[in-house]
Amino acid sequence: MNLYDYNTVNRILTAHGFTFSKALGQNFIIDPDVCPEMVENLCAGEETGVMEIGPGIGVLTKELCKTAGKVIAIELDKRLFPVLKETLGEYSNVEIIEGDVLKLNLNAVIKDKFSGMSSVKVCANLPYYITSPVIMALLESKLDIDEIVVMVQKEAAERLCAEIGSRNSGAVTIAVNYYASAQILFEVPKECFYPAPKVDSAVIKLTLRKNPPVHVKNEKHFFAVVKAAFAQRRKTAMNCLSNGLGISKSKVSDALKALNLDEKARAENFSMEDFAQLSEII
C-alpha cells in the first residue's frame, strides 16, 4: 500500500468517509523521501521505543515500524482509527492510543508501553497550531527520552533552533535550549503535503541534555524572567522586565548594572547565562 500516492490516499480516506479537519491542522505527507529521512535521523533500532504524536493515516508510522522495536502512536481524532487499522495492518509492533498528548500522563505511557526498551524517542509531524505547546510539554515533563525529531512550520523551526543572542531568538529558544540542543535537519516544501498548507515546513532534532547548561535555583522564576523579557520585542529588556514582573525599573536597572549589561539592550541580545544571573538577582 503506497501511502505516498495521492490516488491511494484519496481512495482510502473516501472509503472511510474521512474529511480533513482544519481545526486539527491535518496535512498528510505524500513525498516519499521525507519520512524515511526523518526516521534515519532518529537512529531507532530494535531496542528502541518510539512515541509518535498524531500519526494521521500512518505514513510516518509505517517507516518507524520498519526500524523501531515498538511504536506507540497517540491520535486525538477517532475518525482515523479505522484508517490506521487498514494502513498499519501488516505491522505487529505498533499500538494506537486515543488521547490528547497535552492531557495524557506521558511518563506513565512511557513506563507502561516501553518497558525493557534501551531508549525511547519521540517522532512526529506536528500540527502548526500546537507546535510550541507540545514541544515544551515534552521537555518540561522531563520524560525518560533522549531524542525528539519533529516536523514543524519553517518559521517555528528557525525560532526554536536559533542561536541564543541572535535576532531570531525568543523566549522559546531559551526554553528549548535549557533542556536540549536543537538543530534544523532539513526543509520540507508545502508541496510535499496533501492537502498542501500555505507555508513550508522543516524537520528539527532536539537532543535532550542530562543537565541544563546553566544553574538556576528556581526554574519557574527563571522562565518567568525570560518570558517577561521577550514579551514586547521592540522594547528594551529593562522595560519588559519591569512591566512583566511588576517591579520597578530602578530594581531592574540595578540588576543589569551588576552584571554589566546594557540597560538599552533588548532581550535578544542576552545570553542564557545572562538570564540565569538576572533571575537570581531580581
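The largest nonpolar core has 63 residues, and the ones touching the most other members are Met-51, Ile-135, Leu-138, Ile-204, Phe-222, Phe-275 and Leu-278. A nonpolar core here is a set of buried Ala, Val, Leu, Ile, Met, Phe, Trp, Tyr and Cys residues joined through side-chain atoms within 4.5 Å. Buried means under 20% relative accessible area, exposed means over 50%, and partly exposed is in between (1.4 Å probe, protein chains only). Helix α9 (residues 219-229) gives the most to this core, with six residues. A second, separate core of 38 residues includes Val-9, Cys-65, Cys-192 and Phe-193. In soluble globular proteins, nonpolar side chains tend to be buried together.

Before going on: this is a predicted model, where local features need pLDDT of at least 70, side-chain atom pairs count only at pLDDT 80 or more, and totals for chains, interfaces and linings use all residues. Residues are numbered from 1 along each chain as its sequence is written, and side-chain values use heavy atoms, with hydrogens and water left out.

Back to Met-51. Leaving aside residues up to four places away in sequence, Met-51 touches a list that includes Ile-72, Ile-74, Leu-106, Phe-114, Lys-121, Cys-123 and Leu-143; contact means heavy atoms within 4.5 Å.

Now the whole chain. Its secondary structure comes to 12 helices and nine strands, taken as DSSP runs numbered from the N terminus (helices H or I, at least four residues; strands E, at least two). The radius of gyration is 21 Å, close to the 19 Å from the globule rule for 282 residues, so the chain is as compact as a globular protein of that length. That radius is taken over C-alpha atoms, and the rule is 2.2 Å times the number of residues to the power 0.38.

| Property | Value |
|---|---|
| C-alpha span along principal axes | about 65 × 40 × 30 Å |
| Residues that count as buried | 50% of 282 residues |
| Contacts with a separation of 6 or more that join residues 24 or more positions apart | 68% |

Helix α10 (residues 237-245) has Ala-237, Met-238, Cys-240, Leu-241 and Ser-242 buried. Their cover includes α9, α11 (249-258) and α12 (272-281). Just after α10, Gly-246 takes a positive phi of about 70°.

Pro-82 lies in helix α4 (residues 81-87), and its C-alpha is 24 Å from that of Asp-112, 30 residues apart in sequence.
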